[in-house]
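Hi there,

Here is the model I promised to pass on to you.

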Amino acid sequence: MSEFLSHKRAVVTGASKGIGFEIARALLTEGADVVICSRDRRAVENAVSDLKKHAKARKITGCAIDVSSSEDVTGLFEFADKELGGLDILVNNAGTGIFRAAAELTVEDWDRVIGTNLSGAFYCSRDALARFDIARGGWIINVSSLAGKNPFAGGSAYNASKFGLNGFSEAMMLDHRNDNVRVSYIMPGSVDTAFAGHDAREKSDWKIAPEDIAEIVLDILRKPGRTLISRVEVRPARPQKS
(Lines give C-alpha, C1' and ligand atoms only; values in the text may rest on other atoms or scores of the structure.)
Protein backbone atom coordinates (compact mmCIF):
# COMPACT_ATOMS: atom_id res chain seq x y z
CA MET A 1 0.00 0.00 0.00
CA SER A 2 1.37 3.41 -0.95
CA GLU A 3 2.13 5.93 1.78
CA PHE A 4 0.16 8.94 0.61
CA LEU A 5 2.08 11.36 2.86
CA SER A 6 5.50 10.32 1.62
CA HIS A 7 7.89 13.31 1.58
CA LYS A 8 5.47 15.43 3.66
CA ARG A 9 6.75 17.14 6.81
CA ALA A 10 4.57 17.69 9.86
CA VAL A 11 4.57 19.33 13.27
CA VAL A 12 2.14 17.99 15.88
CA THR A 13 1.79 19.85 19.19
CA GLY A 14 0.77 18.23 22.44
CA ALA A 15 1.80 14.85 21.07
CA SER A 16 3.45 13.04 23.96
CA LYS A 17 0.24 11.07 24.64
CA GLY A 18 -3.44 10.76 23.78
CA ILE A 19 -4.84 12.29 20.60
CA GLY A 20 -1.61 14.02 19.58
CA PHE A 21 0.43 10.83 19.94
CA GLU A 22 -2.02 8.88 17.79
CA ILE A 23 -2.03 11.62 15.15
CA ALA A 24 1.77 11.56 15.02
CA ARG A 25 1.71 7.78 14.71
CA ALA A 26 -0.84 7.91 11.89
CA LEU A 27 1.21 10.50 9.98
CA LEU A 28 4.35 8.41 10.33
CA THR A 29 2.55 5.29 9.16
CA GLU A 30 1.48 7.14 6.01
CA GLY A 31 5.02 8.24 5.24
CA ALA A 32 5.43 11.71 6.78
CA ASP A 33 8.41 12.96 8.75
CA VAL A 34 7.20 14.35 12.07
CA VAL A 35 8.30 16.70 14.84
CA ILE A 36 6.31 16.53 18.07
CA CYS A 37 6.32 18.70 21.16
CA SER A 38 5.01 18.78 24.71
CA ARG A 39 5.86 20.74 27.86
CA ASP A 40 7.43 17.67 29.54
CA ARG A 41 10.86 16.80 28.17
CA ARG A 42 10.85 13.25 29.52
CA ALA A 43 7.39 12.65 28.08
CA VAL A 44 8.59 13.85 24.66
CA GLU A 45 11.60 11.56 24.81
CA ASN A 46 9.44 8.56 25.75
CA ALA A 47 6.92 9.36 23.00
CA VAL A 48 9.65 9.68 20.35
CA SER A 49 11.07 6.33 21.46
CA ASP A 50 7.64 4.69 21.16
CA LEU A 51 6.87 6.35 17.82
CA LYS A 52 10.12 5.14 16.28
CA LYS A 53 8.55 1.67 16.26
CA HIS A 54 6.06 2.97 13.67
CA ALA A 55 8.40 5.24 11.75
CA LYS A 56 9.81 2.70 9.25
CA ALA A 57 12.33 4.85 7.37
CA ARG A 58 10.64 8.10 8.37
CA LYS A 59 12.05 10.70 10.76
CA ILE A 60 10.48 11.31 14.16
CA THR A 61 11.92 13.71 16.68
CA GLY A 62 10.66 16.21 19.23
CA CYS A 63 11.39 18.94 21.72
CA ALA A 64 9.96 20.27 24.97
CA ILE A 65 8.24 23.64 24.61
CA ASP A 66 5.23 25.51 25.98
CA VAL A 67 2.99 26.66 23.12
CA SER A 68 1.61 29.49 25.27
CA SER A 69 5.03 31.16 24.90
CA SER A 70 5.58 32.78 21.52
CA GLU A 71 9.34 32.55 22.11
CA ASP A 72 9.09 28.80 22.72
CA VAL A 73 7.03 28.40 19.56
CA THR A 74 9.66 30.26 17.54
CA GLY A 75 12.18 27.78 18.91
CA LEU A 76 9.95 24.84 17.96
CA PHE A 77 9.71 25.93 14.33
CA GLU A 78 13.41 26.68 14.11
CA PHE A 79 13.97 23.15 15.43
CA ALA A 80 11.57 21.80 12.78
CA ASP A 81 13.41 23.78 10.07
CA LYS A 82 16.62 22.05 11.06
CA GLU A 83 15.14 18.58 11.43
CA LEU A 84 12.68 18.52 8.53
CA GLY A 85 13.96 21.14 6.08
CA GLY A 86 10.50 22.53 5.49
CA LEU A 87 6.87 22.14 6.52
CA ASP A 88 3.67 20.87 4.91
CA ILE A 89 1.36 20.02 7.82
CA LEU A 90 0.66 21.57 11.21
CA VAL A 91 -1.65 19.90 13.72
CA ASN A 92 -2.47 22.16 16.66
CA ASN A 93 -3.43 19.65 19.32
CA ALA A 94 -1.87 21.05 22.50
CA GLY A 95 -4.56 21.79 25.04
CA THR A 96 -5.33 22.09 28.72
CA GLY A 97 -8.43 22.44 30.84
CA ILE A 98 -9.14 24.06 34.19
CA PHE A 99 -12.76 23.63 35.17
CA ARG A 100 -14.14 26.01 37.79
CA ALA A 101 -16.93 28.53 38.06
CA ALA A 102 -15.93 31.87 36.54
CA ALA A 103 -15.72 33.56 39.94
CA GLU A 104 -13.32 30.87 41.15
CA LEU A 105 -10.89 31.12 38.26
CA THR A 106 -7.64 32.93 38.93
CA VAL A 107 -6.00 35.15 36.35
CA GLU A 108 -3.29 32.49 36.10
CA ASP A 109 -5.91 29.81 35.39
CA TRP A 110 -7.44 31.92 32.64
CA ASP A 111 -4.09 32.79 31.08
CA ARG A 112 -3.00 29.13 31.12
CA VAL A 113 -6.11 27.87 29.32
CA ILE A 114 -6.42 30.70 26.79
CA GLY A 115 -2.67 30.81 26.28
CA THR A 116 -2.38 27.11 25.52
CA ASN A 117 -5.62 26.41 23.65
CA LEU A 118 -6.03 29.63 21.66
CA SER A 119 -2.92 31.80 21.67
CA GLY A 120 -0.73 28.72 21.19
CA ALA A 121 -2.67 27.76 18.08
CA PHE A 122 -2.21 31.28 16.72
CA TYR A 123 1.52 31.34 17.45
CA CYS A 124 2.05 27.97 15.77
CA SER A 125 -0.19 28.79 12.80
CA ARG A 126 1.58 32.09 12.23
CA ASP A 127 4.97 30.36 12.08
CA ALA A 128 3.60 27.58 9.87
CA LEU A 129 2.04 30.00 7.38
CA ALA A 130 5.37 31.79 7.05
CA ARG A 131 6.94 28.48 6.02
CA PHE A 132 4.40 27.08 3.59
CA ASP A 133 5.64 27.20 0.02
CA ILE A 134 2.91 29.04 -1.93
CA ALA A 135 3.31 26.61 -4.82
CA ARG A 136 2.80 23.57 -2.61
CA GLY A 137 0.65 25.14 0.08
CA GLY A 138 -0.01 23.28 3.29
CA TRP A 139 -2.50 22.11 5.85
CA ILE A 140 -3.37 23.41 9.30
CA ILE A 141 -5.62 21.16 11.37
CA ASN A 142 -6.79 22.42 14.75
CA VAL A 143 -8.08 19.98 17.35
CA SER A 144 -10.91 21.83 19.05
CA SER A 145 -13.86 20.39 20.98
CA LEU A 146 -17.64 20.27 21.04
CA ALA A 147 -17.09 22.60 24.00
CA GLY A 148 -16.47 25.18 21.27
CA LYS A 149 -20.19 25.25 20.53
CA ASN A 150 -21.79 23.82 23.70
CA PRO A 151 -21.06 25.81 26.88
CA PHE A 152 -21.28 24.06 30.24
CA ALA A 153 -21.10 25.08 33.89
CA GLY A 154 -17.52 25.24 35.10
CA GLY A 155 -16.19 25.57 31.58
CA SER A 156 -15.95 29.32 31.13
CA ALA A 157 -12.21 29.38 30.38
CA TYR A 158 -12.24 26.18 28.37
CA ASN A 159 -15.39 27.12 26.45
CA ALA A 160 -13.96 30.55 25.66
CA SER A 161 -10.73 29.02 24.36
CA LYS A 162 -12.53 26.52 22.11
CA PHE A 163 -15.18 28.97 20.85
CA GLY A 164 -12.26 31.24 20.01
CA LEU A 165 -10.31 28.45 18.33
CA ASN A 166 -13.27 27.63 16.11
CA GLY A 167 -13.67 31.26 15.06
CA PHE A 168 -9.94 31.64 14.51
CA SER A 169 -9.88 28.49 12.36
CA GLU A 170 -12.72 29.66 10.13
CA ALA A 171 -11.30 33.16 9.68
CA MET A 172 -7.82 31.80 8.93
CA MET A 173 -9.33 29.46 6.36
CA LEU A 174 -10.94 32.43 4.61
CA ASP A 175 -7.73 34.45 4.82
CA HIS A 176 -5.54 31.81 3.19
CA ARG A 177 -7.67 29.47 1.07
CA ASN A 178 -6.41 31.20 -2.09
CA ASP A 179 -2.82 30.71 -0.94
CA ASN A 180 -3.24 26.94 -1.37
CA VAL A 181 -3.51 26.56 2.41
CA ARG A 182 -6.28 24.33 3.74
CA VAL A 183 -7.45 24.94 7.30
CA SER A 184 -9.69 22.49 9.14
CA TYR A 185 -10.82 21.96 12.69
CA ILE A 186 -12.09 18.91 14.50
CA MET A 187 -14.55 19.08 17.39
CA PRO A 188 -14.51 15.83 19.35
CA GLY A 189 -16.86 15.01 22.19
CA SER A 190 -15.68 12.69 24.98
CA VAL A 191 -12.37 11.03 24.06
CA ASP A 192 -10.79 8.19 26.02
CA THR A 193 -7.67 9.99 27.28
CA ALA A 194 -6.26 11.19 30.58
CA PHE A 195 -7.09 14.82 29.68
CA ALA A 196 -7.92 17.16 32.58
CA GLY A 197 -7.04 14.61 35.22
CA HIS A 198 -9.33 11.83 33.99
CA ASP A 199 -7.96 8.38 34.84
CA ALA A 200 -7.19 6.67 31.53
CA ARG A 201 -7.41 3.31 33.30
CA GLU A 202 -11.13 3.75 33.98
CA LYS A 203 -13.42 1.73 31.73
CA SER A 204 -14.47 4.08 28.91
CA ASP A 205 -15.53 1.79 26.08
CA TRP A 206 -18.28 4.24 25.14
CA LYS A 207 -15.87 7.10 24.44
CA ILE A 208 -14.16 8.02 21.19
CA ALA A 209 -10.72 6.41 20.88
CA PRO A 210 -7.77 8.75 20.20
CA GLU A 211 -6.92 6.76 17.09
CA ASP A 212 -10.39 7.58 15.72
CA ILE A 213 -9.43 11.27 15.73
CA ALA A 214 -6.15 10.39 14.03
CA GLU A 215 -8.11 8.65 11.27
CA ILE A 216 -10.17 11.81 10.77
CA VAL A 217 -6.94 13.78 10.34
CA LEU A 218 -5.86 11.33 7.64
CA ASP A 219 -9.26 11.62 5.97
CA ILE A 220 -8.85 15.41 5.82
CA LEU A 221 -5.36 15.10 4.35
CA ARG A 222 -6.45 12.56 1.74
CA LYS A 223 -8.85 14.93 0.03
CA PRO A 224 -7.76 16.30 -3.37
CA GLY A 225 -6.75 19.93 -3.69
CA ARG A 226 -10.18 20.95 -4.94
CA THR A 227 -11.88 19.77 -1.73
CA LEU A 228 -11.68 21.04 1.86
CA ILE A 229 -13.22 19.45 4.92
CA SER A 230 -13.34 22.62 6.96
CA ARG A 231 -15.11 21.39 10.09
CA VAL A 232 -15.77 17.99 11.66
CA GLU A 233 -18.03 17.21 14.62
CA VAL A 234 -17.50 13.80 16.17
CA ARG A 235 -19.13 12.34 19.26
CA PRO A 236 -19.60 8.98 20.94
CA ALA A 237 -22.20 6.92 19.07
CA ARG A 238 -23.76 5.65 22.30
CA PRO A 239 -22.88 8.00 25.18
CA GLN A 240 -22.97 6.78 28.73
CA LYS A 241 -26.36 7.33 30.35
CA SER A 242 -26.35 9.63 33.37
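Predicted model: local features only at pLDDT ≥ 70, side-chain atom pairs only at ≥ 80, totals over all residues.

Residues are numbered from 1 along each chain as its sequence is written, and side-chain values use heavy atoms, with hydrogens and water left out.

Most residues other than glycine have a negative phi. Histidine 7 has a positive phi, near 75°, and sits in the segment before strand 1 (9-12). Helices (H or I, at least four residues) and strands (E, at least two) are DSSP runs, numbered from the N terminus. Lysine 56 is not a glycine either, and its phi is positive at about 55°. You will find lysine 56 in the loop between helix 2 and strand 3 (60-64), where it is exposed, with a relative accessible area of 62%.

Two packed helices are described by the angle between their axes and the distance between the axes. Here the axes are lines fitted to C-alpha atoms, for helices over the stretch in contact, and angles run from 0 to 180 degrees between N-to-C directions.

Helix 1 (residues 18-29) packs against helix 2 (residues 41-51) at about 35°, and their axes are 11 Å apart. On the helix 1 side, Phe21, Ala24, Arg25 and Leu28 meet Ala47, Asp50 and Leu51 of helix 2; contact means heavy atoms within 4.5 Å. These residues comprise 5 nonpolar, no polar and 2 charged, where Ala, Val, Leu, Ile, Met, Phe, Trp, Tyr, Cys and Pro count as nonpolar, Asp, Glu, Lys and Arg as charged, and the others, Gly among them, as polar.

Helix 1 also meets helix 6 (residues 210-222): their axes come within 8 Å and cross at roughly 45°. The two are therefore oblique to each other; angles under 35 degrees count as roughly parallel, over 145 as roughly antiparallel, 65 to 115 as roughly perpendicular and the rest as oblique. This crossing is right-handed as well. By class, the contact has 10 nonpolar, 1 polar and 2 charged residues.

Threonine 29 also lies in helix 1 and is partly exposed, at 32% relative accessible area. Apart from neighbours within four places in sequence, threonine 29 touches Glu3, His54 and Lys56.

**Helix 4 against helix 5**

The axes of helix 4 (residues 107-131) and helix 5 (residues 156-176) come within 8 Å, crossing at roughly 15°. These helices are therefore roughly parallel, and their crossing is right-handed. The contact includes Trp110, Leu118 and Phe122 of helix 4 and Tyr158, Leu165 and Phe168 of helix 5. It contains 13 nonpolar, 6 polar and 1 charged residues.

**Aromatic pairs**

How many aromatic pairs does the structure hold? There are 4. Rings of Phe, Tyr and Trp (its six-membered ring) pair if their centres lie within 6.5 Å; planes under 30 degrees apart count as stacked, over 60 as edge-to-face and the rest as tilted.

In one of the pairs, the ring centres of phenylalanine 99 and phenylalanine 152 are 6.0 Å apart with planes at 35°, so the pair is tilted. Phenylalanine 99 lies in the loop between strand 4 (89-92) and helix 4, and phenylalanine 152 in the loop between strand 5 (138-143) and helix 5, so the pair ties together parts 53 residues apart in sequence. Ring pairs link Phe99, Phe152 and Tyr158 into a cluster.

For phenylalanine 122 and phenylalanine 168, the ring centres are 6.1 Å apart and the planes are at 80°, so this pair is edge-to-face. It links helix 4 to helix 5 across 46 residues.

Happy browsing!

How values were computed
Left-handed = near helix turned anticlockwise from the far one by under 90°. Buried < 20%, exposed > 50% of the residue type's maximum accessible area, 1.4 Å probe, protein only.
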